[in-house]
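Try each task before you read its solution.

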Amino acid sequence: MPGSLTITEIYKSLQGESTHAGLACVFVRLTGCNLRCIWCDSEFSFYGGKKMSRDEILDEVARLSPGGGLVEVTGGEPMLQEREVVPLMEQLLDRGYKVLLETSGERALERVPASVIKIVDVKCPHSGEPDTFAIENLEALQPHDEMKFVLSNRADYEFARNFVGQHRLGNRVHAILFSPAFRKDASGERDLSHCLLDPEELAQWILADEVPARLSLQIHKLIWDPAAKGV
Ligand code: SF4
């Protein structure tokens with residue numbers, strides 16, 4: 001179908017991460033990812049999906065959130081469908097939505113509309129996908145954007161801390177998020193025991209090194225079963 005995107009799911013829930021955590025949000029999850037992070041909780045989005053035109057997607061977003069509000073375009077890696085997702089984000093903005101884009105920053109971000117808030121997930125050494133962030137994307141950052149680092153251990157933390165300092169991220173973006181990785185097979189108990197890195201330990205490191213980062217917990221894993229989809 002010309003002009004269509006491949007979509008895994010569109011649903012409304014509470015935003016679980018970023019500085020928008022806790023707010024109602026419509027998630028538009030695009031199918032396909034070129035990375036394979038070891039703690040990925042979205043593997044169901046790698047394959048399959050269904051073709052939807054931009055108009056069909058906009059209608060579904062309007063049905064779920066007729067009063068406007070927050071929409072996150074996520075995946076998978078949404079920028080793999082750049083040719084169609086860029087105009088989709090422009091149309092969402094034109095309709096008055098506040099648009100977030102969750103991306104690894106492996107693909108070029110220069111064509112992302114300036115008003116979209118990019119949440120760029122820079123992969124750390126123990127993610128399974130180190131060195132995938134395209135450094136030229138630093139130039140595409142806007143002051144309202146956010147940079148996220150998912151951390152499994154001290155080595156990941158030191159990489160993130162050094163990256164933040166080396167590239168002066170505190171002066172470039174609205175927020176720097178340090179988030180303990182969750183075990184991808186986590187289910188059942190809704191508590192922090194599923195974190196690969198103890199949040200208390202991470203908090204102590206951030207304080208000791210005076211990193212301009214905020215500790216970010218995936219609150220959707222604490223509200224619902226960690227294995228739940230569509231939440
Ligand atoms: S980039 Fe995102 S969707 Fe792709 S493997 Fe990593 S965590 Fe999963």
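The model is predicted.

**Exercise 1. Treat Asp131 in the same way: buried or exposed?**

Solution. 
- Step 1: Asp131 has 8 other C-beta atoms within 10 Å, so it is exposed.
- Step 2: its place is the loop between strand E6 (117-121) and E7.
- Step 3: phi of Asp131 is near 60 degrees, a positive value in a non-glycine residue.

**Exercise 2. Is Met147 buried or exposed, and which residues does it contact beyond four places in sequence?**

Solution. 
- Step 1: find Met147 in strand E7 (residues 146-151).
- Step 2: count. There are 27 other C-beta atoms within 10 Å of Met147. The cut-off for buried is 20 or more, so Met147 is buried.
- Step 3: list contacts, leaving aside neighbours within four places. They are Val120, Val122, Leu169, Val173, Ile176 and Leu177.
- Step 4: check one of them. Val173 is 26 residues from Met147 in sequence, yet the C-alpha atoms are 7.3 Å apart.

**Exercise 3. Which residues have the most contacts inside the largest nonpolar core?**

Solution. 
- Step 1: the core has 48 residues.
- Step 2: Val28, Met89, Val99 and Leu151 have the most contacts inside it.
- Step 3: strand E2 (residues 24-30) gives the most to this core, with five residues.
- Step 4: follow Leu151. Beyond four places in sequence, its contacts include Cys124, Tyr157, Phe178 and Leu202.

**Exercise 4. Which strands pair with E1?**

Solution. 
- Step 1: E1 (residues 4-14) and E3 (residues 50-53) pair antiparallel over four bridges. Ser4 has Ser53 as its bridge partner in E3.
- Step 2: E1 and E2 also pair antiparallel, over seven bridges. Ser13 stands opposite Cys25 in E2.

**Exercise 5. Which residues surround the ligand, and which peptide bond is cis?**

Solution. 
- Step 1: the shell is Cys33, Leu35, Arg36, Cys37, Cys40, Ser42, Gly75, Gly76, Glu77 and Ser104.
- Step 2: sort them. Four are nonpolar, four polar and two charged.
- Step 3: the bond from Gly75 to Gly76 is cis, with omega near 15 degrees.
- Step 4: Gly76 is in the loop between strand E4 (70-74) and helix H2 (82-94).

How values were computed. Residues numbered from 1 in each chain as written. Predicted model: local features only at pLDDT ≥ 70, side-chain atom pairs only at ≥ 80, totals over all residues. Core = buried A, V, L, I, M, F, W, Y, C linked by C-beta atoms within 7 Å. Buried ≥ 20, exposed ≤ 12 C-beta atoms within 10 Å, placed from the backbone. Helix = DSSP H or I, 4+ residues; strand = E, 2+ residues; numbered from the N terminus. Contact = placed C-beta atoms within 7 Å. Near = placed C-beta within 6 Å. Nonpolar A, V, L, I, M, F, W, Y, C, P; charged D, E, K, R; others polar. Pairing = 2+ DSSP bridges.
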